[in-house]
Amino acid sequence: MVKTTEKWDDILKEEFSSSYYLSLREFLKTEYSTYVVYPSMYDIFNALKKTDFDDVKIVLLGQDPYHEQGQAMGLSFSVPKDQKIPPSLVNIYKEIQSELGIAPKTHGDLTGWAEQGVLLLNTSLTVREHLANSHKNKGWEQFTDAIIKKISDGKENVVFFLWGSNARSKKPLIDKSKHLILECAHPSPLSAYNGFFGCGHFKKANEYLVLHGKTPIDWSK
């Protein structure tokens with residue numbers, strides 16, 4: 001039995017017992033025993049552990065975990081404090097500074113966001129070392145699509161950050177009549193100047209949360 005939080009485990013129990021997920025588990029057993037896979041198997045569900053269902057205010061979708069040693073921690077865009085800040089996160093910090101005047105953090109650990117209600121969810125939750133997207137189309141997308149749909153159906157007034165084509169492809173899963181969808185280019189250096197810089201998403205998200213009686217996110221944490 002998977003253990004994330006009591007609430008998530010209950011909400012996702014049908015997924016955990018489904019045939020696609022059981023196949024995914026068998027695939028992962030082989031991968032973890034044969035190759036170096038990130039994150040640690042104990043950190044795969046960190047996004048759910050750090051941000052329980054009832055606490056979700058913002059969903060920040062990433063693609064798959066960082067695939068080099070020491071980086072992946074089960075939270076999209078986040079790396080441990082002893083790691084160099086990845087280029088996409090450098091650009092995220094720049095945009096926050098531009099919008100809100102908050103100086104960039106000196107590390108890349110986003111646990112402080114997760115603890116405030118930012119679900120840092122990758123669409124694939126594992127990856128083989130040095131091989132981006134190596135666990136694509138193995139079942140993770142079906143699982144994380146279910147998470148997005150459960151949030152959309154079961155909650156109100158959640159903000160969804162959809163950056164880049166992979167994240168934007170999830171838009172049909174979200175009920176835009178009761179949630180705020182903010183979409184733009186990915187913050188990667190390859191695309192950040194195509195609409196990520198100047199997007200205003202962090203300010204818009206907090207304004208929306210306040211409008212609906214929720215505590216805004218302190219992006220400096």
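Which elements each supply at least two residues of the lining of the largest pocket? You're looking at a predicted model, where local features need pLDDT of at least 70, side-chain atom pairs count only at pLDDT 80 or more, and totals for chains, interfaces and linings use all residues. Residues are numbered from 1 along each chain as its sequence is written, and side-chain values use heavy atoms, with hydrogens and water left out.

**View 1. The largest pocket.** The answer to the opening question is S2, H5 and helix H8 (164–168). Those labels are DSSP runs numbered from the N terminus: helices are H or I with at least four residues, strands are E with at least two. This pocket has a volume of about 480 Å³. Of the 31 residues lining the pocket, Gln63, Asp64, Pro65, Tyr66 and His186 are the closest to its centre. Sorted by class, the lining has 16 nonpolar, 13 polar and two charged residues. (Nonpolar covers Ala, Val, Leu, Ile, Met, Phe, Trp, Tyr, Cys and Pro; charged covers Asp, Glu, Lys and Arg; the others, Gly among them, are polar.) On a 1 Å grid over the protein atoms alone, a pocket is an open set of points with protein on both sides within 12 Å along at least five of seven lines, a cavity is a set where a 1.4 Å probe fits but cannot get out, and lining residues have an atom within 4 Å of a point. Points are joined across faces, edges and corners, and the volume is the space filled by probe spheres set on them.

**View 2. The largest cavity.** A search of the whole structure turns up one cavity of 30 Å³ or more. The volume of the largest cavity is about 40 Å³. Its lining is made of Ile44, Phe45, Ala47, Leu48, Gly74, Leu121, Leu125, Phe143 and Ile147. Helix H4 (46–50) and H7 are the elements giving two or more residues to that lining. Count by class and you get eight nonpolar, one polar and no charged.

View 3. Strand S2 (residues 58–62) and S3 run parallel, joined by five bridges, and Leu60 has Leu120 in S3 as its bridge partner. Contact means heavy atoms within 4.5 Å. Axes are lines fitted to C-alpha atoms (for helices, over the stretch in contact), and angles run from 0 to 180 degrees between N-to-C directions.

**View 4. Two helices crossing.** Helix H5 (residues 87–100) and helix H9 (residues 201–211) pack at about 60°, their axes 8 Å apart. H5 and H9 are therefore oblique to each other, the label left over once angles under 35 degrees (roughly parallel), over 145 (roughly antiparallel) and 65 to 115 (roughly perpendicular) are taken out. Ile92, Glu95, Ile96, Glu99 and Leu100 of H5 meet His201, Phe202 and Lys203 of H9.

Key: Pairing = 2+ DSSP bridges.
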